[in-house]
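Morning, everyone. Please look at the model on the screen before I start.

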Amino acid sequence: MFVFRHAETTDNRREIFSGWRDPKLTSKGLEQAQEIAEQLRQEKINYAFTSHLRRARKTLEIVLETHPDVPVFIDDQLVEHCYGLLQGRSKRKVA
C-alpha cells in the first residue's frame with residue numbers, strides 16, 4: 001500500500017488554511033506529483049483512492065499517468081477536515 005497526500009497547492013504556498021477549499025497545485029506541486037509518479041513507476045498498483053478535491057485528484061492523475069488502467073475510487077472520507085472560520089485565513093495571522 002502506498003499512501004501520499006496531495007502535492008503543494010497555492011494555499012500551502014501562501015500558508016493559508018485550506019480545509020474544504022479547493023486550490024490548484026503550484027508548479028512546485030506539479031513537480032512533486034511527478035516525483036511521486038517516478039518513484040512508483042515500476043510498482044504494481046491495483047486500485048487508487050482519492051477525495052473529490054482538485055488538489056488530490058490532480059496529484060493522483062499525474063501519479064497514475066504510467067498506470068492507465070488503475071480503477072480510481074473517489075471517497076470523501078479522505079477529504080481534509082473543515083477548519084470552519086479558519087478556512088482561507090493566514091496561518092501566521094491566526095497564530
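I'll go through a helix pair, one threonine and a core.

First, the ground rules. This is a predicted model, so to speak of local features we need pLDDT of at least 70, side-chain atom pairs count only at pLDDT 80 or more, and totals for chains, interfaces and linings use all residues. Residues are numbered from 1 along each chain as its sequence is written, and side-chain values use heavy atoms, with hydrogens and water left out.

Now the helices. Helices here are DSSP runs of H or I, at least four residues, numbered from the N terminus. Take α2, residues 27-40, and α3, residues 54-63: their axes come within 8 Å and cross at roughly 40 degrees. Axes are lines fitted to C-alpha atoms over the stretch in contact, with angles from 0 to 180 degrees between N-to-C directions.

Who makes the contact (heavy atoms within 4.5 Å)? From α2, Leu30, Ala33, Gln34, Ile36, Ala37 and Leu40; from α3, Lys58, Thr59, Ile62 and Val63.

Next, threonine 59, in helix α3. Buried or exposed? Buried, at 1% relative accessible area. Buried means under 20%, exposed over 50%, partly exposed in between, with a 1.4 Å probe and protein chains only. Beyond four places in sequence, threonine 59 touches Phe4, Arg5, His6, Ala7, Leu25 and Ala33.

Last, the largest nonpolar core. A core joins buried Ala, Val, Leu, Ile, Met, Phe, Trp, Tyr and Cys residues through side-chain atoms within 4.5 Å. This one has eight: Ile36, Leu40, Ile45, Ala48, Leu60, Val63, Leu64 and Val70. Helices α2 and α3 each give two or more. Leucine 64 contacts Ile45, Ala48, Val70 and Val72, leaving aside neighbours within four places.

How values were computed: Contact means heavy atoms within 4.5 Å.
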